[in-house]
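These are my notebook entries on a structure that I went through element by element.

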Amino acid sequence: MNNRLSVNVGGVTVGEDQPGKRHVVIQSMTNTDTADAKGTAQQIYELHQAGSELVRITVNNEESAAAVPEIIDRLRAAYCHVPVIGDFHYNGHRLLNDYPQCAEKLAKYRINPGNVGFGKKRDQQFESIIAVAKDLDKPVRIGGNWGSLDQKLMAKMMDENAKAQQPLSSGALIEKALIDSVLNSAEQAESFGLGADKIIVSCKVSGVQSLVRIYQELYRSCQYALHLGLTEAGMGNKGIVASTAALSILLQQGIGDTIRVSLTPEPNQARTAEVKVAQQILQSLELQSFKPEVTACPGCGRTTSEFFQVLAKQVTEHMDAKMPEWRVSHPGVKEMNVAVMGCIVNGPGESKHADIGISLPGTGEAPSAPIFIKGEKTHTLRGDDIAQQFIKILDDFVTTNY
């Protein structure tokens with residue numbers, strides 16, 4: 001089913017609202033103690049400044065539920081209007097009813113079918129959450145996770161599978177159980193009066209191929225907006241590569257309305273790293289643009305000098321620093337492509353293909369660096385301050401063209 005339902009989350013539209021128009025929304029999540037209203041508001045602000053369009057917070061106890069109004073008020077006082085999502089497990093039915101300001105201030109609720117309740121209490125507690133969402137006109141993400149499957153459903157499916165003539169493998173059974181859990185819960189939410197255009201679904205697993213299979217089936221089986229993410233992706237390169245591999249396959253197929261890159265932060269690393277990776281995935285797939293692209297030479301035996309590496313880093317950091325200003329004064333700059341190349345082999349050609357590029361001399365080449373703007377050679381730089389000269393030309397180019 002290709003016609004996805006769109007969902008309004010605090011003013012942010014999730015899902016395709018017009019044929020051919022697709023905007024994939026970046027979501028992130030805080031790792032602060034939500035009860036620390038000041039610290040949580042600060043991290044939400046930083047995530048939004050980095051480019052997160054939705055931010056999720058844990059609401060796991062009375063202290064965190066009580067802190068939600070102050071968190072939202074602090075954000076609004078700082079002119080930050082990013083929608084904040086409450087993540088509820090086990091006691092969401094109670095917290096949403098006992099803390100009505102928390103329920104009102106949040107833009108969306110996320111609930112896990114496996115952690116809503118158990119036994120006879122499950123349906124009652126699920127209906128209680130849906131009733132709050134319906135009364136306050138709030139969307140809900142029904143987000144399953146293979147680490148917390150509905151055990152009653154899983155046991156029932158295992159019994160049926162054991163009797164089948166062609167039983168599924170354990171992995172395939174878990175995938176089916178996860179899909180059935182979220183879709184059955186979504187249908188149940190509709191039966192309680194929540195509109196289909198208020199529902200987002202997700203099925204999080206930590207295996208790339210499993211995630212791809214699950215979301216391809218979800219895409220075929222329902223019209224709900226889909227949230228993508230590889231859960232527990234991991235730390236560093238492993239988390240980045242695994243998330244990129246999984247999300248890129250699905251996004252390329254037109255699957256996914258919101259995404260989150262669930263990285264385990266390196267010690268002392270900013271939480272905003274997950275937002276930057278999500279942006280780079282979307283930009284690399286040419287789905288959206290967030291900042292200028294820098295095409296840089298990888299280096300080889302012809303480029304024994306490290307100068308081109310230093311320059312590429314300086315140019316990237318300079319543009320990152322300027323983007324908050326440029327985003328307002330020169331919004332078109334996010335489409336710009338800059339080339340920083342290291343020798344004569346590919347340097348001039350790559351520089352000509354970019355909007356603006358510099359081709360630095362390689363080993364044994366003449367100590368001059370031609371500048372190309374929109375395919376035409378415009379300058380030749382020499383001296384010890386080539387980096388400063390190029391950055392000045394780059395700033396002038398942005399001012400003139402964007």
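**Entry 1: cysteines**

I looked up cysteine 343 and found it buried, with a relative accessible area of 7%. Buried here stands for under 20% relative accessible area, exposed for over 50%, and partly exposed for what lies in between (1.4 Å probe, protein chains only). The closest cysteine sulfur to that of cysteine 343 belongs to cysteine 300, at 5.3 Å, which is too far for a bond. I then took cysteine 102, which is buried at a relative accessible area of 1%. Its sulfur lies 18 Å from the closest cysteine sulfur, that of cysteine 80, again too far for a bond. With a disulfide defined as a pair of cysteine sulfur atoms within 2.5 Å, my count is 0 disulfides.

**Entry 2: provenance and overall figures**

I note that this is a predicted model, in which local features need pLDDT of at least 70 and side-chain atom pairs count only at pLDDT 80 or more, while totals for chains, interfaces and linings use all residues. Residues are numbered from 1 along each chain as its sequence is written, and side-chain values use heavy atoms, with hydrogens and water left out.

The C-alpha trace spans about 80 × 55 × 40 Å along its principal axes. I recorded 13 helices and 17 strands; these are DSSP runs numbered from the N terminus, helices being H or I with at least four residues and strands E with at least two. Of the 402 residues in the protein, 50% are buried. Taking contact as heavy atoms within 4.5 Å, I found that 67% of the contacts between residues at least 6 apart in sequence join residues at least 24 apart.

**Entry 3: the barrel**

I traced 8 strands that close into a barrel with parallel pairing, in the order E3-E4-E5-E6-E7-E8-E9-E11. Two strands count as paired if DSSP finds at least two bridges between them. Strand E5 (residues 84–88) and strand E6 (residues 108–111) share 4 bridges in the parallel sense, and phenylalanine 88 stands opposite isoleucine 111 in E6.

I then examined strand E8 (residues 199–204), where 6 of its 6 residues are buried. In a regular strand the side chains alternate between the two faces of the sheet. In E8, Ile199, Val201 and Cys203 point one way, Ile200, Ser202 and Lys204 the other, and all are buried. On one pairing, strand E7 (residues 140–145) is joined to E8 by 6 parallel bridges, with serine 202 of E8 as the bridge partner of glycine 143. On another, 2 parallel bridges join E8 to strand E9 (residues 225–228), and isoleucine 200 has alanine 225 in E9 as its partner.

**Entry 4: helix H1**

Helix H1 (residues 37–50) reaches 20 Å between its end C-alpha atoms, close to the 20 Å expected for 14 residues at 1.5 Å a residue. The expected span is 1.5 Å times one less than the number of residues. Its buried residues are Ala37, Thr40, Ala41, Gln43, Ile44, Leu47 and Ala50, and their cover includes strands E3 and E4, helix H2, E5 and helix H10. Glycine 51 follows H1 and has a positive phi, near 125°.

**Entry 5: the open sheet and its helices**

I found an open sheet of 5 strands with mixed pairing, in the order E13-E14-E15-E16-E17. Its edge strands are E13 and strand E17 (376–381), each pairing on one side only. Neighbouring strands are turned by 15° against each other on average, direction ignored. Strand E16 (residues 369–373) is joined to E17 by 5 antiparallel bridges, and histidine 379 in E17 is the bridge partner of isoleucine 371.

H11 lies across E13, E14 and E15 and runs at about 160° to E14. H13 packs on the sheet, touching E14, E15, E16 and E17, and makes about 165° with E15 in direction. These angles run from 0 to 180 degrees between N-to-C directions, with axes as lines fitted to C-alpha atoms, for helices over the stretch in contact.

Where does H11 bend? The bend, of about 55°, is at methionine 323, and proline 324 follows within four residues; a bend is the angle between axes fitted to the seven residues ending at a residue and the seven starting there. Among the buried residues of H11 are Phe308, Val315, Met323 and Trp326.
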